[in-house]
Amino acid sequence: QPRAVSPDVEAIRHHYEVGNDFYRLILGPMMMYSGGYWLEGEGDVEAHDVAQERKLDAFVELARAEGASRVLDIGCGWGTMMRRLVDVHGVDTAVGLTLSRTQVAWISSFGNPAVDVRVESWDAHEPTAPYEAIFIINALEHFVRSDLPPREKVKQYRRLFRRCRDMLEPQGRVVIHSMTIDNPPLDRKILSDLRFLLDEEFEGCHVPHLDELVGATQGLFEVLEIRNEPD
């Protein structure tokens with residue numbers, strides 16, 4: 001019997017299926033939901049796409065995914081990373097998982113045979129062959145519910161990382177780009193911003209603590225690099 005999709009499927013579809021035209025207005029032509037890597041002095045609209053591409057290229061380097069045969073993008077959004085992988089970095093096949101049907105429609109409209117996008121959760125995905133790299137770019141916030149006890153949150157992350165390990169080749173890498181919350185000073189502005197994120201943008205979702213993620217990898221992955229990139 002097929003496994004059930006993520007319990008957050010309705011929340012994700014409520015958030016991401018408001019229309020691709022709407023997100024095109026917000027995100028611009030790159031259709032990326034996370035910030036770019038800017039050089040000092042950059043800041044105009046024209047530099048935005050370059051900053052996004054610079055970020056994706058840095059992730060490819062960290063994952064050692066240049067010229068890979070098979071790569072997985074969990075929570076692939078509108079497919080920008082997958083298209084970058086196959087069009088620029090010589091990846092043979094990029095597989096993307098999302099629970100948003102409108103995102104799948106957007107990605108499919110490009111007709112790229114090297115991009116394989118599926119309406120599927122990470123815990124239901126059964127690859128036909130191992131992957132050389134896995135990317136999770138600003139999707140981790142949706143994988144654990146905020147109402148779970150702390151120990152259960154870590155267990156859920158551990159399920160994710162165990163699944164990633166099982167889908168990877170022995171020397172494969174996982175690159176994660178995520179917001180984290182690590183005991184910030186509780187001033188009024190930060191509290192207000194966090195309340196908006198958790199109540200409106202990520203309703204029911206959990207922005208992880210770094211120690212939760214690191215603890216969940218124990219015995220499954222070696223953590224090679226952590227970059228703290230303040231907004």
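Biologist: Which residues touch the most other members of the largest nonpolar core?

Modeller: A nonpolar core is a set of buried nonpolar residues joined through side-chain atoms within 4.5 Å. In this predicted model, the largest such core has 36 residues, and Ala65, Val71, Met81, Leu85 and Phe135 touch the most other members. Helix α3 (46–63) supplies the largest share, five residues. At least two residues each come from elements including α1 (9–16), α2 (20–27), α4 (80–87) and β4.

Biologist: With which residues is Ala65 in contact, leaving aside its neighbours within four places in sequence?

Modeller: Ala65 is in contact with Val60, Val71, Leu85, His89, Val91, Ala133 and Phe135. A second, separate core has 21 residues, among them Val95, Leu160, Cys164 and Leu220.

Biologist: In what order do the strands of the open sheet lie, and is the pairing parallel or antiparallel?

Modeller: Strands of a sheet pair through backbone hydrogen bonds, in either a parallel or an antiparallel manner. Here five strands follow the order β3-β2-β1-β4-β5, with parallel pairing. Strands β3 (115–119) and β5 (168–177) form the edges, each pairing on one side only. On average, neighbouring strands are turned by 15° against each other, direction ignored. Six bridges join β4 (residues 131–137) to β5; Tyr131 has Leu168 of β5 as its bridge partner.

Biologist: Which strands does helix α6 lie across?

Modeller: Helix α6 (residues 150–167) lies across β1 (70–74), β4 and β5, at about 140° to β5. Helix α5 (residues 101–108) lies across β2 (93–98) and β3, and runs at about 160° to β3.

Methods
Residues are numbered from 1 along each chain as its sequence is written. This is a predicted model: local features need pLDDT of at least 70, side-chain atom pairs count only at pLDDT 80 or more; totals for chains, interfaces and linings use all residues. Side-chain values use heavy atoms; hydrogens and water are left out. Two strands pair if DSSP finds at least two bridges between them. Helices (H or I, at least four residues) and strands (E, at least two) are DSSP runs, numbered from the N terminus. Axes are lines fitted to C-alpha atoms, for helices over the stretch in contact, and angles run from 0 to 180 degrees between N-to-C directions. Contact means heavy atoms within 4.5 Å. Buried means under 20% relative accessible area, exposed over 50%, partly exposed in between (1.4 Å probe, protein chains only).
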